[in-house]
Amino acid sequence: MQDDSRSEPTTRRTERGRRALRAINRTLMVPIFRLRLGWLVANPLSGYIMVLKTIGRRSGQARYAPLNYAILGDYVYCAAGWGAASHWYRNLVAHPQVEC
């Protein structure tokens, strides 16, 4: 029996993964941090997480994205898991004013 997930185009699987992560972030991660319970999920073992508030590049509405980050010296670094295609990154480029 053939595994259907292997025959599915990579872009379709990637898009399904992105949608799943977006749903998890919207329904679980962002509310946890907004309730100030982030310490339950962010620690040295699982990594540090911040919630970045950006302005939607098309909608103009506030958008929240949980991101892993690292502090090195005087700088805070975070990485876009989907590269320049990340929604939060594209919002940041359009409207550089953010809140953490």
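A disulfide is a pair of cysteine sulfur atoms within 2.5 Å. By this rule, the structure has 0 disulfides. This is a predicted model, in which local features need pLDDT of at least 70 and side-chain atom pairs count only at pLDDT 80 or more, while totals for chains, interfaces and linings use all residues. Residues are numbered from 1 along each chain as its sequence is written, and side-chain values use heavy atoms, with hydrogens and water left out.

Start with the cysteines. Which cysteine sulfur is closest to that of cysteine 78? It belongs to cysteine 100, and the distance is 7.5 Å, too far for a bond. Next, consider how open each residue is. A residue is buried under 20% relative accessible area, exposed over 50%, and partly exposed in between (1.4 Å probe, protein chains only). Cysteine 78 is partly exposed, at 33% relative accessibility. Cysteine 100 is exposed, at 73%.

Strands (E, at least two residues) and helices (H or I, at least four) are DSSP runs, numbered from the N terminus. Is methionine 50 buried or exposed? It counts as buried, because its relative accessibility is 12%. Contact means heavy atoms within 4.5 Å. Leaving aside residues up to four places away in sequence, methionine 50 touches Ala65, Pro66, Leu67, Tyr69, Val76, Cys78 and Cys100. Methionine 29 sits 21 residues away from methionine 50 along the chain, and their C-alpha atoms are 9.9 Å apart.

Side chains of opposite charge can pair when their charged atoms come close. A salt bridge is a side-chain nitrogen of Lys or Arg within 4 Å of a carboxyl oxygen of Asp or Glu. How many does the whole structure contain? The search finds 1. Lysine 53 pairs with glutamate 99, and the closest N and O atoms are 3.8 Å apart. Lysine 53 is partly exposed, with a relative accessible area of 23%. Glutamate 99 is partly exposed too, at 48%.

Now turn to the rings. A pair of aromatic rings is described by the distance of the centres and the angle of the planes. Rings of Phe, Tyr and Trp (its six-membered ring) pair if their centres lie within 6.5 Å; planes under 30 degrees apart are stacked, over 60 edge-to-face, and the rest tilted. The structure holds 2 such pairs. In one of them, tyrosine 75 and tyrosine 77 have ring centres 6.4 Å apart and planes at 50 degrees, so this pair is tilted. Tyrosine 75 is exposed at 55%, and tyrosine 77 is partly exposed at 45%. Tryptophan 88 and tyrosine 89 also pair, with 6.2 Å between centres and 90 degrees between planes, which is edge-to-face. Tryptophan 88 is buried at 11%, whereas tyrosine 89 is partly exposed at 35%.

Leu21, Ile24, Leu28 and Trp82 make a nonpolar patch of about 370 Å². Patches are made of residues with over 30% relative accessible area and no salt bridge; like charges are joined within 9 Å, and nonpolar side chains (Val, Leu, Ile, Met, Phe, Trp, Tyr) within 5 Å. The areas come from the Shrake-Rupley method with a 1.4 Å probe; for residues, only the protein chains shown count as cover. Leucine 21 lies in helix H2 (residues 10–34). At 44% relative accessibility, leucine 21 is partly exposed.
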